[in-house]
Amino acid sequence: EVLPSPEMVLLANPNVDSLVAQLKVAIQRIRKEQSSTNINHRRQHEFHRRVSEMYSWDRVANETIQLYDHIMQQDNKKQLWDRLQRYNSVGSIIGLFAYFLIITLEFWLSFVEWWQPKESIDVVPDLPHYKDTIRINKEDTAVDDDE
């Protein structure tokens with residue numbers, strides 16, 4: 001995400017002292033601007049306009065869908081041995097427990113896939129997009145009005 005201009009944002013380090021310091025700066029800015037109400041009122045409207053142009057629910061939803069699609073297209077199927085290697089750094093006791101758990105789950109998954117193969121599961125069709133639904137509903141309403 002690209003951050004807006006510096007007058008709209010204050011960056012802080014991820015610790016309490018830095019957050020408190022930047023919060024104090026923000027409060028001081030607001031108090032300074034409140035002394036001249038006309039300028040402050042115009043600035044608030046300008047700030048709101050800029051933020052509403054930068055961020056919208058449609059944009060967030062589209063970016064989320066793109067991210068999910070990207071993740072789903074990646075080959076996330078790792079070999080069992082590669083996945084087990086990730087647990088080497090968690091410690092000897094927890095690592096052994098993780099190995100046991102992963103191997104048990106892998107056997108269970110293999111059994112379930114043998115018992116009920118993926119091909120035998122019905123796939124639910126995707127729902128139409130919201131805009132398509134509105135268009136379809138309007139067409140249905142137009143047909144009902146004609147009758």
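Start with the aromatic rings: this predicted model holds 2 aromatic pairs. Both can be reached from one helix, so keep the side chains of W108, F111 and W114 on display; ring pairs link these residues into a cluster.

**First pair**

Select W108 and F111. Their ring centres lie 5.7 Å apart and their planes meet at 40°. W108 and F111 sit 3 residues apart in helix α5, which means about one helical turn separates them.

Colour by accessibility next. W108 has 55% relative accessibility, so it counts as exposed. F111 comes to 40% and is therefore partly exposed.

**Second pair**

W114 has a relative accessibility of 64% and so counts as exposed.

**The patch**

W108, F111, W114 and W115 make a nonpolar surface patch of about 610 Å². Why can F111 belong to a surface patch? Patch residues need over 30% relative accessible area, and F111, at 40%, is partly exposed.

Select residues 92-115. This is helix α5, where F111 is found. Confidence in the protein chain is highest in α5, at a mean of 88. Then jump to residues 130-146, helix α6. Confidence is lowest there, at a mean of 55.

**The whole chain**

Zoom out. Which secondary structure elements does the protein chain have? It has 6 helices and 0 strands. From the N terminus on, the order is α-α-α-α-α-α.

Keep the pLDDT colours for a moment. The chain mean is 78, and 77% of residues reach 70 or more.

The protein chain exposes about 13700 Å², of which carbon and sulfur atoms supply 61%. Select the buried residues: 5% of the 147 residues count as buried.

Last, draw the contacts between residues at least 6 apart in sequence. Of these, 37% join residues at least 24 apart.

To finish, return to W108, F111 and W114, the cluster linked by ring pairs. With W115, these residues make the nonpolar patch.

Methods
Residues numbered from 1 in each chain as written. Predicted model: local features only at pLDDT ≥ 70, side-chain atom pairs only at ≥ 80, totals over all residues. Heavy atoms only, no water. Patch = residues over 30% accessible without salt bridge, like charges linked within 9 Å, V, L, I, M, F, W, Y side chains within 5 Å. Areas by Shrake-Rupley, 256 points an atom, 1.4 Å probe, with all protein chains shown as cover. Salt bridge = Lys/Arg side-chain N within 4 Å of Asp/Glu carboxyl O. Helix = DSSP H or I, 4+ residues; strand = E, 2+ residues; numbered from the N terminus. Buried < 20%, exposed > 50% of the residue type's maximum accessible area, 1.4 Å probe, protein only. pLDDT = per-residue confidence, 0-100. Contact = heavy atoms within 4.5 Å. Phe/Tyr/Trp six-rings, centres within 6.5 Å; stacked < 30°, edge-to-face > 60°.
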